[in-house]
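Reader: Please show me the chain first. After that I will ask about its parts one at a time.

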Amino acid sequence: MFSCARTAFLLFACAALTSGSFVPAQGTSLAPRDDDLPARVPYVFPAPGTDAVADSIRARRENGTLLDLDGVLLQDEPLAGSWNDLFGVIRDQNSLPATMRELFILRTGTLNNAAYVWLQHESVGRSAGLTVAQLREIRLTPAFVSIPANASSLTPELRAAMLFADHMTKSVKVPQGVFDSLNEFLNTTQMVDAVATVGGYNFVSRFVVALDVDSKMNTPVPIPTH
C-alpha cells in the first residue's frame, strides 16, 4: 500500500504532467541521443526549462532532444546560440530543393570523412527524396569525377550540385564552368544558398571531426545498402 507521502507525490507528478509544467531531471532526455559516446570535451546538457539557449536548440530538433553536437556547442553559449540561428536558416529556411540541400550536406560529410554528419543526415536525405542508388553515388563517387549521365542515378541538377560541392570542399576555388553549370538550374538567391550550405557544412564537418563528437572521428562514413 502506498504511503501518504508517495500518494501525494504521484498526485503532484500527474498534475504537473497534465499541466505541461513538468521539467525532467538533469540528465534525462526525450529520445536516444546519438550513440551517447564521449567527445574530446565534456558535453553540456542543461535540463529542459533551465537554459534559454539550450531550449531554443531543442525547439529546432525534431524530437526535442539535444544532440551530442549541441552538447559540445553549449560549452560556449554565445557560439551555440549563433550557430543555432545560422544553421536554422541554412538547414530549414533556405531556397534550395530539399534533395539538393541534403546532397550538399552528405557530399561534404563524405569528402571530409565526417561520419557523424552522414549519420545525422542520411535519413533526412531519404525523407527529402534521395534514393538508395543516389545515396550510394554521393557516398562512393571519387571527388571531381562526373559519372556519365546515362550511367548516373542523379538528375542533371544534382550532378551539377555534386561537382560544385567537390570543388568548394576540396579545392575551395570553383571554376567558372562548374559555377555556371549549377547556375543553369538555380537563381541568384539559390546560388548564394548553395555556397552557404556547402561552406556551412564544411564548418560542421571539420568541427565534429576535430572534437571527435560522439566518438565518430575514426568511424568510416557508412555506405548505404538498402
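Author: The model is predicted: local features need pLDDT of at least 70, side-chain atom pairs count only at pLDDT 80 or more, and totals for chains, interfaces and linings use all residues. Residues are numbered from 1 along each chain as its sequence is written, and side-chain values use heavy atoms, with hydrogens and water left out.

Reader: In which helix is threonine 110 found?

Author: Helices here are DSSP runs of H or I with at least four residues, strands are runs of E with at least two, and both are numbered from the N terminus. Threonine 110 falls within residues 98–111, which is helix α5.

Reader: Which residues does threonine 110 touch, not counting those up to four places away in sequence?

Author: A contact means heavy atoms within 4.5 Å. With residues up to four places away in sequence not counted, threonine 110 touches Trp118, Ile138, Arg139 and Val221.

Reader: How many helices and strands are there in the chain?

Author: From the N terminus on, the elements run α-α-α-α-α-α-α-α-α-α. The count for the chain is 10 helices and zero strands.

Reader: At what angle do α8 and α9 pack?

Author: Axes are lines fitted to C-alpha atoms, for helices over the stretch in contact, and angles run from 0 to 180 degrees between N-to-C directions. The axes of α8 and α9 lie 9 Å apart, and the angle is about 145°.

Reader: Which residues of α9 make the contact with α8?

Author: On the α8 side, the contact is made by Glu157, Ala160, Ala161, Leu163, Phe164 and His167. Leucine 182 is in contact with residues including Glu157, Ala160, Ala161 and Phe164. The residues of α9 are Val178, Phe179, Ser181 and Leu182.

Reader: Why is the pair of tryptophan 83 and phenylalanine 87 called tilted?

Author: Rings of Phe, Tyr and Trp (its six-membered ring) pair if their centres lie within 6.5 Å; planes under 30 degrees apart count as stacked, over 60 as edge-to-face and the rest as tilted. Tryptophan 83 and phenylalanine 87 are four residues apart in helix α4 (residues 77–92), about one helical turn. Their ring centres are 5.0 Å apart and their planes stand at 35°, so the pair is tilted.

Reader: What kind of pair do phenylalanine 203 and phenylalanine 207 form?

Author: Both residues lie in helix α10, four residues apart. Phenylalanine 203 is partly exposed at 39% relative accessible area, while phenylalanine 207 counts as buried at 15%. Their ring centres are 6.3 Å apart and the planes are at 90°, so the pair is edge-to-face.

Reader: How many aromatic pairs are found in the whole structure?

Author: One aromatic cluster is formed by Trp83, Phe87, Tyr201, Phe203 and Phe207. A search of the whole structure gives a total of nine aromatic pairs.

Key:
Buried < 20%, exposed > 50% of the residue type's maximum accessible area, 1.4 Å probe, protein only.
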